[in-house]
Amino acid sequence: MTNSTDFLAPARLGRLALPHHLVMAPLTRNRAEADGTPTDLMTAYYAQRASAGLIIGEAATPNAVGQTYPNITAIHTDRHVEGWRRVTQAVRAEGGRMFLQLQHGGRVSHPETTGLRPVAPSPVPLPETIFTSRGHQQAVVPREMSPDDIRTTAADFAAAARRAVEAGFEGVEVHSANGHLLHQFLAANTNRRTDAYGGPAERRVRFTVEVTEAVADAIGADRVGVRVSPGGTVNGIREDDTDTLYPALVARLKDLGLAYLHLVHADPATDWYRRIRADWPGTLIGNPVLTDLTTEAVTRAAREMLAAGADLVALGRPFLANPDLVDRLRLGAPLNPVRDRYLMYVGGAAGYTDYPALHETGAQPSSDSIVALDGPRVA
């Protein structure tokens, strides 16, 4: 755990030396080919943001049934590996380093997209429509996963992790957040099982633990992170026992020697954040809640996150709109606004690779802003 609030100071993540404490969070942008292979446009996008201390690449599915939306990435064929290798090579050439997030959508999927009926811990459908290649469609009732399905899916995650390392990633992040399959096992409103994977919190954490163990066995625990979103309600999730659920999960994960635990919308004022920080012995990545995307607000949030015990700070939209975010924060320069219209589903370069770097805008920080935001460095 770091005591420093200087987020631009060098940091470490296991075997990796990082130039600073800022991590680019995984951001699904739907710019892959139809089969999930990364495109040349994606290669350019990630290379533009290589100054992040670590880039966690956007969610990639470990098998076909796990696909959520059209044109998201995957990592279960040789073609996927080749596409991702072009991305990691471009980022490495710019001095960066990458992990890849592995995500199975579970019930957040549709036959219109995959040709397959979604699977989930229980036959509880998504309580909203889902985007497909033919627009928004009513969600379907997923098929309840059998014990064989559970074992096969854990093996698929492990195989995807091996492919990710083959593609040049430093490691992978197991996605157990934001209402996707692993989170569906954690939450009681989507997990109505009565077997060893359902019921009390100690049993609902089992699938996330088994997937993480399988991935760690495949590529080494020090190459594996886990992302969770305690209290999150995305994709129809409802947690009634957040304060007991995540201590139970941390208790099962903390001795595996993992690279990190990544908390989505980490709020140091919450009991669950303080409990997890106290219980988790390793690197903690905090993703702060940002309501204002200004230089001052992002700087303040990063410093507060580190002061609250996080070791690294994950930022999403600031990196999305600012390929040179690190330089802008170092200089106290203004940030580009996010163009929400182009976040997902649209495709193309607009709102993706066309966000200007500081030298392209002509904007210059004032000397006052430099001193206020990074006084020790100026001195």
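**Helix packing and its surroundings**

Reply: Glu94 touches Ala47 and Ala50, leaving out residues up to four places away in sequence. The model is a predicted one. Glu94 sits in the loop between α2 (78–93) and β6 (98–102), and with a relative accessibility of 55% this residue counts as exposed. Although Glu94 and Ala50 are 44 residues apart along the chain, their C-alpha atoms are separated by 6.0 Å. That is one contact between single residues; the helices come next.

Two packed helices are described by the angle between their axes and the distance between the axes. Take α7 (residues 206–219) and α8 (residues 242–253): their axes come within 10 Å and cross at roughly 25°. Angles under 35 degrees count as roughly parallel, so α7 and α8 are roughly parallel to each other. Their crossing is right-handed. On the α7 side the contact involves Thr208, Val209 and Thr212, and on the α8 side Leu249, Arg252 and Leu253. Sorted by class, the residues of this contact are 3 nonpolar, 2 polar and 1 charged.

Helix α8 also has α9 (residues 271–279) as a partner. The axes of α8 and α9 come within 10 Å and cross at roughly 15°, and these two helices are therefore roughly parallel to each other. The crossing of α8 and α9 is right-handed. Here α8 supplies Thr242, Asp243, Tyr246, Pro247 and Val250, which meet Trp272, Arg275, Ile276 and Asp279 of α9. The residues of this contact divide into 5 nonpolar, 1 polar and 3 charged.

Asn235 has a positive phi of about 60° although it is not a glycine. At 10% relative accessibility, Asn235 counts as buried. Asn178, in the loop between β11 (171–176) and α5 (181–186), also has a positive phi, near 60°, and is likewise a residue other than glycine.

Now for the interior. In soluble globular proteins, nonpolar side chains tend to be buried together. The largest nonpolar core of this model has 85 residues, and those that touch the most other members are Leu22, Tyr46, Trp84, Phe207, Val215, Leu261 and Leu263. Val215 touches Phe157, Ala158, Ala161, Val172, Val174, Gly220 and Val224, leaving out residues up to four places away in sequence. Apart from this core lies another, of 14 residues, including Leu54, Ile56, Ile285 and Ala314.

Beyond its neighbours within four places in sequence, Gln67 is in contact with Ala34, Thr61, Ile72, Val108, Ser109, Thr113 and Thr114.

Terms used
Residues are numbered from 1 along each chain as its sequence is written. This is a predicted model: local features need pLDDT of at least 70, side-chain atom pairs count only at pLDDT 80 or more; totals for chains, interfaces and linings use all residues. Side-chain values use heavy atoms; hydrogens and water are left out. Axes are lines fitted to C-alpha atoms, for helices over the stretch in contact, and angles run from 0 to 180 degrees between N-to-C directions. Helices (H or I, at least four residues) and strands (E, at least two) are DSSP runs, numbered from the N terminus. Angles under 35 degrees count as roughly parallel, over 145 as roughly antiparallel, 65 to 115 as roughly perpendicular and the rest as oblique. A crossing is left-handed if the near helix is turned anticlockwise from the far one by less than a right angle, and right-handed if clockwise. Contact means heavy atoms within 4.5 Å. Ala, Val, Leu, Ile, Met, Phe, Trp, Tyr, Cys and Pro count as nonpolar, Asp, Glu, Lys and Arg as charged, and the others, Gly among them, as polar. A nonpolar core is a set of buried Ala, Val, Leu, Ile, Met, Phe, Trp, Tyr and Cys residues joined through side-chain atoms within 4.5 Å. Buried means under 20% relative accessible area, exposed over 50%, partly exposed in between (1.4 Å probe, protein chains only).
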